[in-house]
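Thanks for coming, everyone. Please bring up the structure on your screens, and we will walk through it together.

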Amino acid sequence: MAPVKISNALKRYGTVEVLKGVSIDIDEGEFVVLVGPSGCGKSTLLRMVAGLEGISGGTISIGDRVVNDLPPKQRDIAMVFQSYALYPHMTVAENMAFSLRMKRVDKKTADAKVEQAAQMLGLGSLLGRYPRELSGGQRQRVAMGRAVVRNPAVFLFDEPLSNLDAKLRVQMRAEIKDLHQRVKTTTIYVTHDQVEAMTMADTIVVMRDGKIEQMGTPIELFDNPSNIFVAQFIGSPSMNIIEGTLGPKGFVTSDGHVLPAPQSRAVAKSYGIRPEHLVPDPAGIPMEVVIVEPMGSETQLILRLGQSTLTSLVRHRLDVVPGTVMGFSADLSSVHLFDQNGNRCVD
Amino acid sequence: MHPILQQRLGRSAQYGMLLIVLVMLAFPIYYMVITSLKPPGEAYRLPPTLWPLNPTVDGYPFVMRAWNYLRTLLNTVLVAGGAAAGATLLGGLAAYGFSRMTFVGKSALYSALVATVAIPGMVTLGPVFIAYNELGLLDTHIGLILIFMSDGIPFAFLTLFAYFRSIPRELDEAAWIDGAGLFSTLFRIIFPIAMPAFAVTFLLLFIAGWNEFLYAFTLTVTPETRLLTVRLFEIPVRADANTTPYDLIAAGGVLILLPLIPLLVRVQKQLVQGILAGAVKG
Amino acid sequence: MTISPDVATTPQSFGVRLRAMASGPNSFAYLIILPAIVLRLTYSIVPLVQTVWMSFTNRSITNPGQFIGLANYEFLIRDERLIGSLAFTLIYTFVSVALEVVLGLMLALLLMQNLRGRWLSNFIMLLPWVMAPLLAATVWKIMFYEDGGILNAILRDLGMIESPIRWLSDANTARVSVIVVTVWKNVSWCALIFMAGLAALPRELIEAAEVDGANILQRFWFVTLPMLMPTVYLIVMLRGMAEVQTFEQINGLTRGGPGTATETLAVYAYARFFQELRYGYGSAINLLLLLCSVTIGGFFAWRLYRANRSGL
């Protein structure tokens with residue numbers, strides 16, 4: 001276990017800058033999720049921490065050591081890859097013991113550690129099998145076992161669940177979180193899936209174009225997104241954003257509709273409301289229902305207001321036919337206002 | 001015509017064509033085998049027969065004695081095997097380097113390695129012959145192994161290069177993170193995974209070395225160093241005969257071809273699955 | 001220069017880069033690629049340079065060699081035996097490769113029809129491929145004998161000929177005969193590569209054409225064949241370079257005869273270089289052979305590269 005400190009990390013390929021000075025302080029035992037669209041530099045940053053990519057500028061330290069010039073094996077890290085990268089010619093036990101063999105740990109100790117890790121992950125009966133004989137979830141668990149066996153200072157996960165089907169993903173998500181709660185090893189986890197980020201992270205780092213957009217706890221990011229990008233990236237379905245201007249009576253959309261909004265001294269140019277906060281209200285603003293998507297317990301509605309399209313997520317079943325005009329309203333406290341640069345308006 | 005009937009007819013036609021093609025491909029080999037089983041008188045009989053009337057294997061011991069078969073076989077295994085093993089190892093190492101690493105002059109070295117394929121063996125053989133003569137490598141097995149090896153390197157390189165590129169890089173990275181150095185990664189992770197490709201590459205190069213004639217003929221002088229294929233040029237003659245001994249030539253041919261059959265069976269599957277094509281397309 | 005954390009924060013300080021180059025994967029790369037490259041170049045480029053040099057001398061077994069400029073090349077153009085062997089080499093290469101490609105493709109299409117007995121048919125098909133070229137020639141030579149050869153006997157029994165065909169003793173027939181043997185030996189290899197190429201084609205495209213109403217011939221001609229062109233170029237390149245330097249089959253069948261009717265460039269070069277031991281003139285012939293090989297290889301490698309790049 002060790003803290004990880006990334007200061008002003010830069011990565012250049014030739015003249016292209018893929019990381020433009022990223023700083024993150026990770027406490028001992030913290031679970032940090034790097035999230036962002038593909039190409040945002042999150043995987044590159046993880047690979048720089050692992051030592052698989054060189055560092056073009058800044059420093060990365062693990063514990064109290066600057067690791068910039070250390071090869072992966074001297075960094076005391078373990079990594080779980082997207083494809084799991086299990087050695088196909090070795091059994092599960094051999095896969096897990098490989099790093100110990102490289103460290104010349106004697107066989108008895110190594111066997112005991114493998115046994116212990118296998119117990120923890122429920123791999124006991126699979127130790128003699130080869131990776132090709134395992135299911136996706138089992139492979140995932142072996143990859144984690146390989147990391148756990150070494151008892152490293154830091155766990156690195158590179159989109160470990162993206163090769164699993166939806167159901168298994170939910171299950172493995174819980175298992176990874178459970179593992180972290182038991183071993184309490186500092187963890188950096190990369191994903192493009194905001195649900196994974198929300199459910200697993202102590203701290204989420206939202207990245208875009210090689211820069212950090214916002215860093216904070218899942219609830220902070222959800223409640224107080226610092227800009228439109230984060231607001232739309234976190235939460236599903238994503239936040240409705242409507243262009244317009246904030247006036248004394250409320251927010252006036254570009255085609256003249258007036259939406260109730262909290263007063264602000266800042267000049268707000270965008271109005272944001274999460275679909276689940278836009279609720280049917282006979283006294284609300286009339287909107288035309290364009291598409292109805294019943295999902296069993298919930299109903300998702302695509303609405304039209306002038307030229308704007310909005311989404312509403314209703315937490316119950318709703319019998320309504322497309323073309324119906326219904327009233328909708330939102331609690332003022334759930335309205336987000338952004339300025340012309342897309343940043344959150346602060347009073 | 002009814003579609004099913006049409007389909008059946010089509011199938012029959014296909015089997016018919018296949019049969020004709022296979023007979024044409026196999027007949028010369030069949031004829032070699034039965035000729036080798038004919039007694040001398042029958043081998044020159046007019047008209048020739050399509051099967052031996054009085055089969056005999058008497059020709060074989062005669063050829064084996066005349067060729068010093070076991071010694072020649074051992075020479076061939078040594079030279080073809082040594083060269084194939086060397087070319088597979090060196091080609092494999094280079095293929096790993098090219099598939100995983102960046103270094104100065106990479107594309108130039110790649111082109112140099114691959115472009116040498118266009119140089120005919122005859123062109124290089126002359127200077128090699130002169131140099132071998134001066135260096136004392138003429139008529140030695142090590143001299144043959146070296147030139148066979150060099151001949152096999154482009155093929156080994158391209159086959160294994162294609163194979164290594166199909167092994168995900170993440171495996172190498174996992175090994176580095178697990179604490180393996182570059183040699184451990186190579187010999188404990190990548191090469192064991194690539195074992196099937198190494199085996200096929202080795203066997204194909206072995207077959208190529210076994211069948212090579214031009215170098216083996218030109219660079220050897222004494223019977224003690226000669227390889228099997230070259231022996232075909234030394235037709236064994238019976239003391240009393242004045243006709244070409246078809247039966248003995250055929251027996252010699254069988255003796256050269258037969259040891260390759262188990263190898264062919266071993267590589268047949270991979271050949272049909274197109275390991276060759278994948279390699280050259282790269 | 002020592003690398004303290006402070007120095008390391010300077011992006012890509014020279015010391016860091018230097019150290020990475022000296023101890024990092026870069027030097028290791030040379031360590032593992034150079035043995036293969038050095039050995040290969042020692043046996044290809046070095047002799048090639050020597051061949052070029054010798055072609056400007058009159059070196060022979062008895063003569064250490066003086067520089068004679070272009071004299072060997074002047075002799076080349078006037079050497080009728082050379083012109084004859086060059087012409088035969090080109091015709092032989094063109095006809096054999098064309099037949100190998102056409103018959104190989106037909107064989108591949110036939111073998112891909114999911115017929116039964118695949119293992120056996122593949123095994124039989126591969127037998128000619130696994131034989132040494134010289135052995136193939138020897139086997140056919142037994143069948144080619146004019147009196148008492150099995151081929152003439154069969155053809156006579158079938159009533160197709162009245163007098164025996166002079167397979168190897170008539171100039172034109174002998175030229176055909178050596179091509180027959182070459183095609184017999186190599187057609188399986190071409191079929192193998194074609195099978196791999198055909199298997200790699202996306203099925204949907206051919207099915208789409210079927211849905212669009214193309215019949216089987218139209219599907220082959222308008223969809224399969226154009227997409228198969230890279231494979232065709234690959235085969236023509238490799239077989240072309242192999243056939244243009246044919247030596248062993250010719251030596252096993254005719255030794256260039258009758259007369260010099262089936263003499264290829266390689267056979268002629270061998271005669272001058274190793275039998276007459278005229279290294280200088282032999283080298284000049286070898287360079288002509290190299291020119292042929294490089295032209296074929298280069299042209300089709302370029303076509304292959306272009307076809308692959310255009311995504312076909």
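**A first walk through the model**

Let's start with one residue: Pro192(B) is partly exposed, and its relative accessible area is 26%. Keep in mind that this is a predicted model. Where does Pro192(B) lie? It is in helix α9 of chain B, which covers residues 182–193. Now its neighbours. Leaving out residues up to four places away in sequence, Pro192(B) touches His89(A), Leu186(B) and Phe187(B). One of those partners, His89(A), is in chain A.

Stay in chain B for a moment. Look at helix α4, residues 69–100. It has 32 residues. From first C-alpha to last, α4(B) reaches 45 Å. Is α4(B) enclosed or open? Of its 32 residues, 23 are buried, so the helix is largely enclosed by the rest of the structure.

Next, chain C. How many helices and strands are there in chain C? There are 15 helices and 0 strands. Its radius of gyration is 26 Å. The globule rule gives 20 Å for 312 residues. The chain's value is well over that, so chain C is more spread out than a compact globule. Its C-alpha atoms fill a box of roughly 95 × 70 × 30 Å along the principal axes.

What about cover? In chain C, 53% of the 312 residues count as buried. The accessible surface comes to about 14,600 Å². Carbon and sulfur atoms account for 65% of that surface. Now contacts. Take those in chain C between residues at least 6 apart in sequence: 67% of them join residues at least 24 apart. As for charges, chain C has 22 positive and 18 negative ones.

Let's zoom in on helix α8 of chain C, residues 133–144. What span should its 12 residues give? At 1.5 Å a residue, 16 Å. The end C-alpha atoms are 16 Å apart, which agrees. This helix is mostly covered, with 11 of its 12 residues buried. Among the buried ones are Pro133(C), Leu134(C), Leu135(C), Trp140(C) and Phe144(C). Thr138(C) is also on that buried list.

Another threonine, in another helix. Thr224(C) is found in α12 of chain C, residues 216–244. Buried or exposed? Thr224(C) is buried, with a relative accessible area of 9%. That falls under the 20% cut-off for buried. Not counting residues up to four places away in sequence, Thr224(C) touches Leu198(C), Leu201(C), Ile206(C) and Arg219(C).

On to chain A. Here there are 8 helices and 19 strands. Along its principal axes, the C-alpha trace spans about 75 × 45 × 35 Å. Buried residues make up 53% of the 347 residues in chain A. The chain exposes about 15,300 Å², and carbon and sulfur atoms supply 50% of it. Of the contacts in chain A between residues at least 6 apart in sequence, 64% join residues at least 24 apart. Chain A has 37 positive and 37 negative side chains. The centres of those two sets lie 7 Å apart.

Now some backbone details in chain A. A general point first. Most residues other than glycine have a negative phi, and most peptide bonds are trans.

Which residue pair in chain A is joined by a cis peptide bond? The pair is Ser236(A) and Pro237(A), with omega about -5 degrees. Pro237(A) sits in the loop between α8 (228–233) and β11 (240–247) of chain A.

Then positive phi. Arg104(A) is not a glycine, yet its phi is positive, about 55 degrees. You will find Arg104(A) in the loop between α2 (92–102) and α3 (107–121) of chain A. Arg104(A) is exposed, with a relative accessible area of 74%.

Lys184(A) is not a glycine either, and its phi is a positive value of about 55 degrees. Its loop runs between α5 (166–183) and β8 (186–191) of chain A. Lys184(A) is partly exposed, at a relative accessible area of 43%.

That is the tour. Over to you for questions.

Methods. Residues are numbered from 1 along each chain as its sequence is written. Chains are lettered from A and ligands numbered from 1 in the order in which they are written. This is a predicted model: local features need pLDDT of at least 70, side-chain atom pairs count only at pLDDT 80 or more; totals for chains, interfaces and linings use all residues. Side-chain values use heavy atoms; hydrogens and water are left out. Helices (H or I, at least four residues) and strands (E, at least two) are DSSP runs, numbered from the N terminus. The expected span of a helix is 1.5 Å times one less than its number of residues. Buried means under 20% relative accessible area, exposed over 50%, partly exposed in between (1.4 Å probe, protein chains only). The radius of gyration is taken over C-alpha atoms; the globule rule is 2.2 Å times the number of residues to the power 0.38. Contact means heavy atoms within 4.5 Å. Accessible areas come from the Shrake-Rupley method with a 1.4 Å probe; for residues, only the protein chains shown count as cover. Lys and Arg count as positive and Asp and Glu as negative; His and the chain ends are not counted. The place of a charge is taken as NZ of Lys, CZ of Arg, CG of Asp or CD of Glu.
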